[in-house]
Amino acid sequence: MTRLDTASNYLHHRSHETLSTVARGLLPKFTVSTKVGYFPDGHSLDPDRLRAAVEQAVKDLGREPDTVLLHNPEHSRPGAEPLTEACAVLADAATAGLSGGWGVSSWDPRPLVDFDVPRPDVLMVRAGLLVGIDVLDAAEALAARWRPSQVWGMSPFGGSTTDAIWERFDPRIFLRDGAAATKVQAAFRSAYHLPQVSAVAVGTDNAGHLRELVGAVAHDVDRPVVAEYRRLLQGRRQSE
């Protein structure tokens, strides 16, 4: 594992300090991404507050993050101008050396698809079998419009691998060699194609879980099955 993803508001707004304390001298060995936009009094796209949040992240981490993401801008019901200004702040911060790059992380990109922003280095969106077709389509539309250098995924299990859905459904049908994988591995691996992403962020405190997910990368996704799944989702939406 070489990448760590966090956010300024995780762990009751103490995630950066905690990560720096726990990782100590190891932190420079990792690629670190973080997110800003949530404050103790709520979400904000205010440029001054975002700039201060990036500066505080550098201070608390004890190093510049490799990527700073605007965290769920849809939560502030953005218009074109506030969103553009917020993105410009992060882009300027990256140019000033406060981060290696910048981007946008969106749990629900549907409110963002009609807006233009400076080209981000990263767009981070929900990925996997539990993402609805409207959100999938919006994520792909946003990637096509903003043309980020990379698209990352998150939350491939919808919060937990122990949810009842994973008992009722076997995602191994999405792999060419499904019999050789676990359900968790199949769900994780298929998330790289729903939508198409180059990395998927997961959260866990179980080293065995991480080891299992690393093993999933060796499996191949059956792309025609994924395409058929997308067609079924589209058909269901049209029939509703």
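Which residues of α4 are buried? Taking buried as under 20% relative accessible area (exposed is over 50%, partly exposed in between; 1.4 Å probe, protein chains only), the list for α4 runs Leu-83, Ala-86, Cys-87, Val-89, Leu-90, Ala-91, Ala-93 and Ala-94. The model is a predicted one, so local features need pLDDT of at least 70 and side-chain atom pairs count only at pLDDT 80 or more, while totals for chains, interfaces and linings use all residues. Residues are numbered from 1 along each chain as its sequence is written, and side-chain values use heavy atoms, with hydrogens and water left out.

Helices (H or I, at least four residues) and strands (E, at least two) are DSSP runs, numbered from the N terminus. Helix α4 covers residues 80-95, and its end C-alpha atoms sit 22 Å apart. The buried residues of α4 pack against β2 (31-36), α3 (47-61), β5 (67-71), β6 (102-106) and α5 (133-146), with contact meaning heavy atoms within 4.5 Å. Just after α4, Gly-97 takes a positive phi of about 90 degrees.

As for β5, five of its five residues are buried. Thr-67, Leu-69 and His-71 point one way, and Val-68 and Leu-70 the other. Strands pair if DSSP finds at least two bridges between them. Four bridges join β5 to β2, running parallel, and Leu-70 of β5 is the bridge partner of Val-36. Another parallel pairing, again with four bridges, links β5 to β6, where Ser-105 partners His-71. From β5 the chain passes through α4 to β6 in a right-handed β-α-β crossover (with the strands pointing away from the viewer, the path from the first strand over the helix to the second runs clockwise).

Technical notes
Expected span 1.5 Å × (residues − 1).
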